[in-house]
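User: Hi there! Could you walk me through this model, one question at a time?

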Amino acid sequence: MEYNSTKVEKKWQSYWNKNSSFEPSNDFSKKKKYILSMFPYPSGRIHMGHVRNYTISDAIARNFRKSGFNVLHPIGWDSFGMPAENAAIKHGVHPKNWTYDNIDYMKKELNSLGLSFSKTREFATSDKLYSKHEQHIFIDMYKKGLVYQKTSTLNWCETCHTVLANEQVEDGCCWRCNNLVSTRKMLGYYLKITDYAQNLLDDIKKLETNWPKQVLTMQENWIGRSEGLEFEFNLSDETKIKLNNKFAKYSVFTTRPDTIYGVTYTALAPEHVIVKYLCDNKLLSDEKIKKIKDMQILGSIERAKNDKEGVDLEIHVIHPLTGKKISVWVANFVLIEYGGGAVMSVPAHDERDFEFARKYNLPIVQSIEQAKSSFDGSRALIEHGKLVNSGKYTGMSSKKAQKLIIDHFEQNGLGKKIVNYKLRDWGISRQRYWGTPIPMIHCSKCGLVHDDIENLPITLPEDIEITAKGNPLDAHPTWKHTKCPTCGGSAVRETDTMDTFFQSSWYFMRYTTDKSMWEDKIFDKTSSDYWMNVDQYIGGIEHAILHLLYARFFTKVLKDMGYSSVDEPFKNLLTQGMVLKDGTKMSKSKGNTVDPDSIIQKYGADTARLFILFAAPPQKELEWNSSGVEGAYKFIKKLSNLSSNSNSVDFIPIIDHKILSKESSFARKKIYTALKKSNDVFSHGYAFNTLIAACMEALNALNKQQNRDVWTEGYFILLNILEPIIPHVCWELSSSLYKLKNLKQLELLEDVLENTSIILPITINGKRRSEIEVAKDTSKNEIIALAKEATSKWLEEKSIIKEIYVPSKLVNLVVK
RNA sequence: GCGGAUGUGGUGGAAUUGGUAGACACGCCAGACUUAGGAUCUGGUGCCGCAAGGCGUGGAGGUUCAAGUCCUCUCAUCCGCACCA
């Protein structure tokens, strides 16, 4: 059959559309697979990264559908966010129109790839119906105490005119526009993700074998659990007087209580209340106060770049175990938001404290010794070891001393063992128009109140003016003015909108529910309990922390609120590699992009899909190579051209394997090897490149033999295996030859794969010298004899020391 | 600095438990068909060597009958985190 990609692909795409071929069934007694690729932001056009992402998920979805599973493979749009507003500023288009036009266009592009999405479950997160339930979730979380407001110093992007979560700041720059981030004090809404820190950490264990290790490590580090001792330093009597008895003590946190006898000073964060008091009451020289102010101005990111700086605060505390007087410093590297904003400093055993002590000539006292790396004063000894100079703990191991010192503090009411996390609460307020409105109201009488559920959704006004400055919702003449749901008085609506990560934290649950229930329910519990969790999630590694951690958090919250029974959203995670051109990421600014549309036009979607799955395993980076694309195209043409070798049948012909020629039996073996490979590849790892290679080998082997039944059987099976990868051409050929009856689970005939004779390589001292073909049940002695005969040339004047036969693998003769 | 990953021909990449290194494809070379080919088909192709043979999975050691695979050290590249006490 002459191959015409455009004709074939149009035909089958419209067939699939007309027949709703890929809709999930609502029969929940069936075995299911939920296959999901991360939904796209509707930026305007699809790029090769999308093509790769959706081709992978589509191949998986098609495979399981073919194998008799009820498959949910949905698509939607992560459609709120800044680019829509930027487009509005630049081109004067309304964000809504820009967004929905883009969605329409990209939908057509995705359709041209022949992706088997369930179209009836598609939505955009900017749809009013989605906002309605999102606001409902927000209010539920608020009622549960998981949402609160606070003022804090936030990362502010001057270009995007909005705050950014810590997670959204990369190298001090905005993750989206890449401009330098500054700080600002602002009031905003926070989600108490820290309440779930331990839960999120514990459940990483459940993901261990099915998520890339790298992602789990990143999440673990991000949560950053550490155990240690929290205790208080009492101020010395003179200091108390100096501070007008306003303060008596402050607390510090340490993970190394075993080094406590090495404390020679303590350090406070520049924002610490005692530091503030000293400055405000001019208890320090003007010069010192100025230096402290300079520290305070810098944001944490800026501060991290600077060298260690400090000022002696001229006050003292008492060491809780030795009773000695210790000086107190302010130091720019002490973080206010962690461990109380104060540390005990052990220069001998902490690198930061060491550096600081060296700079300011503070005393260094060793309290740990270690056999392997002795303390010579040139660097801090941070390893665990044996205690020295440590009173009654001297001589103990670090581990034992830690326990006993903590016990001592606890028993005497001086401190306690606590757990700290690096994870911070998630700030979700954004000063933007194109986002989900936060359903909160500020009433001068009742304070902060949430909207009534019946009022949802709170929708965005459409008559807005988008300028580069300020929040259009705040500037709108009427939108924010409303009535207080509690007292009925006039009140003001919250004008901040939600971080878009809020939407992507639960969209996968929404898909589980039939559209008919979308008006009334966030999602249907029975449906989500059936479909969740996602059996295979596919997306970029760039979401390793942000999206994947938030989604895990939401899943747990929704479970705790009774909406579902699942505690982890994504059972298996595949992080696909980037698509590169000329060794770097494709990007418009580098001018090295390859347009998916033009590839599809020239070669067809099947070629694009085949190339993208063949060129590299999904997890690895993929280098775009135009002659590789030609190669993929050639294979499809060859496959298509050879179709006349098969008979038109409804079933695989019955073949007596024993009477076949060598070539035919070899071809059958290759065919069934490919089928086995297909089963393996889809059950773990998704190494499509090796599956495609196996298919190529099988086709090459088929083409070297003449038995028509073997051809028919082989072709019948090959089209089955290749359907998930190159669906259009496979449906076309299958419908004309087999009435599509080969597109179902096929039986793997194990006996075809069994060998009656085996080829054994013969190695001498581990070097391959020859090979022999023997019957499967040949004895070891016979095999060794044959091996010697075959390698006699290498055995002359040598004596054989050892004869090794590894059954059906090889023979190794060790000679001297 | 810490953590993670990767390193195999000219190129993309194969290689269950240690068991024929380089499958499959691209590229290249030769040939066939053809008015022509940037179409198609056939054969060849790790490196050195005329050959016998030798060498060969970033590098150096080690374990083993046998190492791409296991162990120790080391180099390079990429990614993530970055003063979290």
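User: Let's begin in β17: which residue is the bridge partner of Y190?

Analyst: Happy to start there. Strand β7 (residues 181-191) pairs with strand β17 (residues 426-427) in the antiparallel sense over 2 bridges. Strands here are DSSP E runs of at least two residues, helices are H or I runs of at least four, and both are numbered from the N terminus; two strands pair if DSSP finds at least two bridges between them. In β17, the partner of Y190 is G427.

User: Before we go on, what kind of model is this, and which pLDDT do local features need?

Analyst: Residues are numbered from 1 along each chain as its sequence is written, chains are lettered from A and ligands numbered from 1 in the order in which they are written, and side-chain values use heavy atoms, with hydrogens and water left out. The model is predicted: side-chain atom pairs count only at pLDDT 80 or more, totals for chains, interfaces and linings use all residues, and local features need pLDDT of at least 70.

User: Which residue in β7 stands opposite T151?

Analyst: Strand β3 (residues 147-157) runs antiparallel to β7, and 11 bridges join them. Within β7, the residue facing T151 is L187.

User: Which residue in the turn of the β21 and β22 hairpin has a positive phi?

Analyst: Strand β21 (residues 481-483) and β22 are antiparallel and joined by 3 bridges, with T482 opposite A491. Strand β22 (residues 490-493) also pairs in the antiparallel sense with β19 (residues 440-443), over 3 bridges, and there A491 is the bridge partner of C443. The hairpin leaves 6 residues between β21 and β22, and the turn residue with a positive phi, about 80°, is G488.

User: What is the strand order in the open sheet of 4 strands?

Analyst: The edge strands, each pairing on one side only, are β30 (767-775) and β31 (800-806). From one strand to the next the twist averages 20°. Strand β29 (residues 757-764) runs parallel to β32 (residues 810-815) with 3 bridges, and T763 faces N812 there. With mixed pairing, the order is β30-β29-β32-β31.

User: And for the open sheet of 3 strands, which residue in β27 stands opposite L580?

Analyst: This sheet has mixed pairing in the order β27-β26-β28, and its edge strands are β27 (584-585) and β28 (622-623). Strand β26 (residues 579-581) pairs with β27 in the antiparallel sense over 2 bridges. Opposite L580 stands K585.

User: How do α20 and α25 pack, and what does the angle make α20?

Analyst: Helix α20 (residues 605-614) and helix α25 (residues 727-738) pack at about 120°, with their axes 7 Å apart; axes are lines fitted to C-alpha atoms, for helices over the stretch in contact, and angles run from 0 to 180 degrees between N-to-C directions. Under 35 degrees counts as roughly parallel, over 145 as roughly antiparallel, 65 to 115 as roughly perpendicular and the rest as oblique. Therefore α20 is, relative to α25, oblique.

User: Which residues in α25 do A605, D606 and R609 meet?

Analyst: Contact means heavy atoms within 4.5 Å. On the α20 side are A605, D606 and R609; on the α25 side are P727, H728 and V729.

User: Which helix gives the most residues to the surface near RNA strand B?

Analyst: A residue is near the strand if one of its heavy atoms lies within 4 Å of it. Of the 47 residues around RNA strand B, S226, T255, K308, R352 and K809 come nearest. With 6 residues, the helix that gives the most is α23 (residues 688-702).

User: Which residue has a polar side-chain atom 2.6 Å from a base oxygen of RNA strand B?

Analyst: Polar contacts are pairs of N or O atoms within 3.5 Å; within protein, one must be able to donate a hydrogen and the other to accept it, and residues adjacent in sequence count only if both atoms are side-chain atoms. A polar backbone atom of T255 is 2.5 Å from a sugar or linking oxygen of RNA strand B, while a side-chain N or O atom of N700 is 3.2 Å from a phosphate oxygen. For the base oxygen at 2.6 Å, the residue is R768.

User: Last one: which residue is joined to M532 by a cis peptide bond?

Analyst: Most peptide bonds are trans. One cis bond runs from L456 to P457, with omega near 0°. The other residue you want lies in the loop between α17 (525-531) and β24 (536-540); joined to M532 with omega about 0°, it is N533.
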